[in-house]
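Let us read a protein model together, one feature at a time. Please keep the viewer open as we talk.

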Amino acid sequence: MRPSLTGPARTRLDARALYFVSYDGLVNTNSFQKHGLLTHDGHQYAVWYTASREAVVARRGLGAAAWSAVTLPHRLKADDSHNVICMGVSPVDGRLHLNLDSHSDGFHYVKSVAGLLDDPSGTAWGPSAFGPVQTTLDGLPLTDRFTYPQFLTTPEGRLQLAYRSGVSGNGRNALAEYDGSRWTALGEWSGATGTYTSAHGSSTARNMYLHGLDYDRHGRLHALFTWRERDPAVLADGGGLTNHDTGYVTSDDRGRTWRNDAGAVVGTTGGPDRVRVTGAGLVVDPLGPDHCLMNQESQCTDSAGRPHAVVSHLPVRLGPPAGGYAAARTAHARAHHLRKTASGGWRKTEIPVPLRSSQRTGLVLDRHDNAYAVLPRGRIAAASAAGGYTDWALLFDGAGLNAFGEVVVDETRIAADNVLSFMYQEKSAGTTPSPLYVADFALPA
């Protein structure tokens, strides 16, 4: 079965959602949000900030036109597009969890009443369905330098929270876990230390930027990532990004122990040995820091448990960029599909669609393992598993959306009803609020 799209069908979440451009993005539609749009047990959930800066969570039955929104008692504290809202599900007690409004500082956390997700029609949907806004995880403080929350559900139904402790260029990835009764800090698992040397200079501090954390259907946890160096001495031109290489690790014990692609242990969570830039066998797609490689794009796993990712950068054939990375990426960058093959090797394919943007691309697979790259402004390119992912083509050009840039893909919906769904915000100017929508595309049966 070849990839195809029917749609879009659109529903409006908010006629006047908060709008300001920061770090080339919008706080409501940063594609690295996991999850800003989420499907569970026949319902879809969305989160955003209103024009009055209030945090909102809404839900609808799958396929319904109307959303029911709940305003939470929290207002966005800063015009910073990093301060996204993310959702997670803990099946062990049927709660919806939200983490919001943080960038290298304290976070805010809200959870629903138990059973809300198990019995959507029998549990009241309103402010009473959610507890108070906390600055800890039920008393667990974590760190005062918190950024990039990602919720993921373990095969046993526990909920994990991944986050960065520290700052860009000098940070560590960490995990916490919720078992239905309490949160536990598992600890940090990536390290910031060690010396990285490029053709131009060296750096002694960095952070790992994740393309995602995903459990496959066999229970293995996959993480593809890139490193960002603190010292711009590694660049030929100081106006670029210090991101380099795509690395890969897995865990078979729910994120406690990390192994490289060959199966060797390269780090332990909460221990002195962490996944570091000097670790053996981490890089699966080498790329120096002179190609404007983007961090935090997207990953997923196929029906056989093999990882796929989208990574975007300037094609190597162009050499180092001239001037700032945003202009260089807009003029020249391409998204690439990186995947592990059945033989155990890695293959990378350039998607032949100009990005015309400095921003990120999302990636999802349908039930036939066909790949769909959701490009900036809501454009969609696809390639077939049957064709070995060599037949990438643009299926939707974003016409009629007027989408600003990055969109938030619902990574969980395709498995529920075979629909590719994403949240986007219309382009505006300055700080003028603009409409926020969800677009749905039916995929091949």
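The dialogue below goes from the whole chain to single residues.

Q: What should I know about the model before starting?
A: This is a predicted model, where local features need pLDDT of at least 70 and side-chain atom pairs count only at pLDDT 80 or more, while totals for chains, interfaces and linings use all residues. Residues are numbered from 1 along each chain as its sequence is written, and side-chain values use heavy atoms, with hydrogens and water left out.

Q: How many helices and strands are in the protein chain?
A: Helices (H or I, at least four residues) and strands (E, at least two) are DSSP runs, numbered from the N terminus. Here the protein chain has two helices and 32 strands. Its radius of gyration is 20 Å, close to the 22 Å that the globule rule gives for 445 residues, so the chain is as compact as a globular protein of that length. The radius is taken over C-alpha atoms, and the rule is 2.2 Å times the number of residues to the power 0.38.

Q: What percentage of the residues in the protein chain is buried?
A: Buried means under 20% relative accessible area, exposed over 50%, and partly exposed in between (1.4 Å probe, protein chains only). In this chain, buried residues make up 61% of the 445.

Q: Is R413 buried or exposed?
A: R413 counts as buried because its relative accessibility is 2%. The residue lies in helix α2, residues 413-417.

Q: Which side chain makes a polar contact with the side chain of R413?
A: A polar contact is a pair of N or O atoms within 3.5 Å; within protein, one must be able to donate a hydrogen and the other to accept it, and residues adjacent in sequence count only if both atoms are side-chain atoms. For R413, the partner is the side chain of D417, at 2.9 Å. For contacts in general, the criterion is heavy atoms within 4.5 Å. Leaving aside neighbours within four places in sequence, R413 is in contact with residues including T39, R60 and D440.

Q: Where are the cis peptide bonds from G7 to P8 and between K34 and H35?
A: Omega is the angle to read. It is near 15° from G7 to P8, and P8 sits in strand β1, residues 6-17. For K34 and H35, omega is about 10°, and H35 lies in the loop between β1 and β2 (37-40).

Q: What is phi at Y389?
A: Y389 has a positive phi near 55° although this residue is not a glycine. Y389 is found in the loop between β28 (380-383) and β29 (393-396), and is buried, with a relative accessible area of 5%.
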